[in-house]
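Please look through the structure below with its aromatic rings in mind. My notes follow as numbered points.

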Amino acid sequence: RKDVTDFEGFIVNRSEHWFAIRSINGRFWNLNSTSKKPELVSQFYLAAFLQALKSQGYSIFVALPKEGQSLPQAQTGPTGQHEDYWHRERDLIPGPQAPADPWAAAGEGHRLDGKGGTTTTQPEMTEDQELQAAIEASLVDSSASLLAEEPPAGPGVVTVQVRWHGGAAARRFRENDSATMLLEFARSKAQTMSPDIKLVDRGPPLREITKATLPPDATFASMGLGGGAYLVR
């Protein structure tokens, strides 16, 4: 039986939205167009990430080559227009190798494989640093990717606010969305890497919301989430 990391890529779909998760240079990238840039999904987190998408109603298809062939090589550089939409791989991975200003080379062409354009030499990461960077990227950046597209205001849609020390953010959710999306939204906005994020609902009644306290099939409607503010602890 193959491990999920043995495959080169996946196609993800829900309703009319499609996006890809593709292995490039030995790393998996979430290429969801609703995100501002490609997001790293570590091999340690890939299976859980796909399962979370599936639980939110997404269909996941494994990209397999024809017999005796391999998948088309991932395009890793601009072929004409829109060069500013390309990113250097090292700029997308958190850690000491990333430049202070990832847009400093704008206009030179940003490539996901790090080739081409005018670049500056950056120190190599150790294996431990790469592992830590992958874990951090999965816990923080991928949290936003677990969210369904934000719906427009209307029937069956609720607005929720989360607050943390130094900030606050609000977002709309569908009443039938998984309640775990609220935790992922809070994690991505508060930039916390803790997998055990806790939200406090002052109520009444006062209650704590964690992944452990939510039933597997909990939705915003079933948990009475919406129209309030929740504190990140």
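**Notes on the aromatic rings**

1. Tyr45 and Phe49 are both buried, where buried means under 20% relative accessible area, exposed over 50% and partly exposed in between, with a 1.4 Å probe and protein chains only. This is a predicted model, in which local features need pLDDT of at least 70 and side-chain atom pairs count only at pLDDT 80 or more, while totals for chains, interfaces and linings use all residues. Residues are numbered from 1 along each chain as its sequence is written, and side-chain values use heavy atoms, with hydrogens and water left out.

2. How many aromatic pairs does a search of the whole structure find? The search gives seven. Rings of Phe, Tyr and Trp (its six-membered ring) pair if their centres lie within 6.5 Å; planes under 30 degrees apart count as stacked, over 60 as edge-to-face and the rest as tilted.

3. Phe19 and Tyr58 make an edge-to-face pair, with 6.1 Å centre to centre and 80 degrees between the planes. Phe19 is in strand E2 (residues 17–24) and Tyr58 in the loop between helix H1 (46–55) and strand E5 (59–62), so the pair ties together parts 39 residues apart in sequence. Helices (H or I, at least four residues) and strands (E, at least two) are DSSP runs, numbered from the N terminus. Phe19 is buried at 5% relative accessible area, and Tyr58 is buried at 6%.

4. The ring centres of Tyr45 and Phe49 are 6.2 Å apart and the planes are at 20 degrees, so this pair is stacked.

5. One aromatic cluster is formed by Phe7, Phe10 and Phe28.
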